[in-house]
Amino acid sequence: MRDWRSDPAFAMCRALVDGADPASFAGGAFDVRAVVAGLRAGARHGMPLDAVPWGNFPHGGDAREAVHLLRTGEDSARTPTDVLGGLCANDSRAAAALAVPFLIPIAADARHPHRAAALAVLSGPARARHHGVASRDELLLHRNDPRPPAPDDQDGYDGYGVEVTGYPAGWSVAAARAAITAGTPVLLPLLDDRDPTIRMDAAYALATAADPDHTIRTAFAGRFAAERDVMVRAALLLATAETTRARGQPSVVSWFRERWQDRMEAPEVRLAAAIGRLCLTDEPAPEDLRRTVDTLATDERAHAMDALPWMRAAAGTGEPGLLRCVRRMLHPDEPEPCEDPWATSP
């Protein structure tokens with residue numbers, strides 16, 4: 001497979017880095033938003049992979065091969081999902097975003113052997129750099145940089161910056177979210193799947209979709225009322241907080257307060273509700289919330305809650321995601337864990 005840097009995509013990225021106006025490429029063959037918009041219906045109906053311009057995007061050949069392996073259902077899903085997840089983790093999401101329309105029908109197919117793997121990875125490009133992010137300002141926020149784009153920036157380019165390749169990061173995120181939004185009708189039923197992991201990952205994916213009529217948030221609430229699995233209940237709360245934060249609906253904060261104060265709820269659910277509450281308002285954390293979180297956030301529970309994709313993403317430097325969130329949100333003066341394994345205590 002040839003190096004993507006010999007493809008036209010590299011020339012585009014280089015031009016952008018050198019100061020070219022992103023608008024000059026908008027809507028064209030190198031705009032992943034436009035390409036994804038054009039192939040969404042075809043992907044649902046078995047569009048041949050070779051009909052997609054994978055080579056127009058950095059690492060597109062790798063993404064195409066990963067989708068092919070997942071689509072055929074052959075062998076293990078670990079390698080192709082590692083490839084797609086790795087592209088996102090390495091801040092190179094454009095080609096992974098191109099894969100999203102193909103992953104959605106796989107995830108929705110109850111008979112497909114790799115449906116769980118496809119679902120778990122499909123929302124990766126819909127979130128800007130979020131690994132290790134655990135602060136109130138940034139957790140559950142779709143963008144890594146909370147600054148609004150410049151008034152004359154129609155594409156969110158300045159707000160999201162560029163990927164490691166130089167490709168507009170906002171375009172990749174927008175393309176993935178648009179694909180997930182279009183796939184909402186087939187993803188929503190997964191909230192009622194028999195497999196709790198599928199229900200959890202469906203909530204994680206749906207939290208990135210546009211929800212102007214609150215259909216998704218209503219579905220989260222309905223599933224939460226019926227859900228009995230503790231981790232899925234916690235996931236539904238984090239998903240609700242994420243979709244609420246994206247739409248600016250502060251009235252939900254009181255509902256989250258009721259959830260973390262409810263002593264009949266499982267500790268994991270109360271902790272998720274407390275984190276959601278902290279992210280939905282910039283008001284100082286109440287003392288009773290601090291005491292509740294500090295009491296419930298044990299090491300054992302933190303490791304168990306790494307089953308939640310939000311907490312896995314928040315983890316860093318050997319620190320479980322929950323404990324990292326607690327430290328960053330409630331105890332910001334505490335130092336970061338030492339990264340040097342040979343360092344000794346003073």
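Q: At what angle do helix α5 and helix α6 pack, and how far apart are their axes?
A: In this predicted model, local features need pLDDT of at least 70 and side-chain atom pairs count only at pLDDT 80 or more, while totals for chains, interfaces and linings use all residues. Residues are numbered from 1 along each chain as its sequence is written, and side-chain values use heavy atoms, with hydrogens and water left out. Helix α5 (residues 94–108) and helix α6 (residues 115–122) pack at about 140 degrees, with axes 8 Å apart.

Q: Why are α5 and α6 called oblique to each other?
A: Angles under 35 degrees count as roughly parallel, over 145 as roughly antiparallel, 65 to 115 as roughly perpendicular, and the rest as oblique. The α5–α6 angle is about 140 degrees, so the pair is oblique.

Q: Which residues of α5 and α6 meet?
A: Contact means heavy atoms within 4.5 Å. From α5 come Val100, Leu103, Ile104, Ile106 and Ala107; from α6, Arg115, Ala118, Leu119, Val121 and Leu122. They split into 9 nonpolar, no polar and 1 charged.

Q: What makes Arg14 buried, partly exposed or exposed?
A: Buried means under 20% relative accessible area, exposed over 50%, and partly exposed in between (1.4 Å probe, protein chains only). Arg14 has 46%, so it's partly exposed. Arg14 sits in helix α1 (residues 8–17).

Q: Which residues touch the most other members of the largest nonpolar core?
A: Such a core is a set of buried Ala, Val, Leu, Ile, Met, Phe, Trp, Tyr and Cys residues joined through side-chain atoms within 4.5 Å. Of its 102 residues, that's Leu308 and Met311. α5 gives the most to this core, with 12 residues.

Conventions. Axes are lines fitted to C-alpha atoms, for helices over the stretch in contact, and angles run from 0 to 180 degrees between N-to-C directions. Helices (H or I, at least four residues) and strands (E, at least two) are DSSP runs, numbered from the N terminus. Ala, Val, Leu, Ile, Met, Phe, Trp, Tyr, Cys and Pro count as nonpolar, Asp, Glu, Lys and Arg as charged, and the others, Gly among them, as polar.
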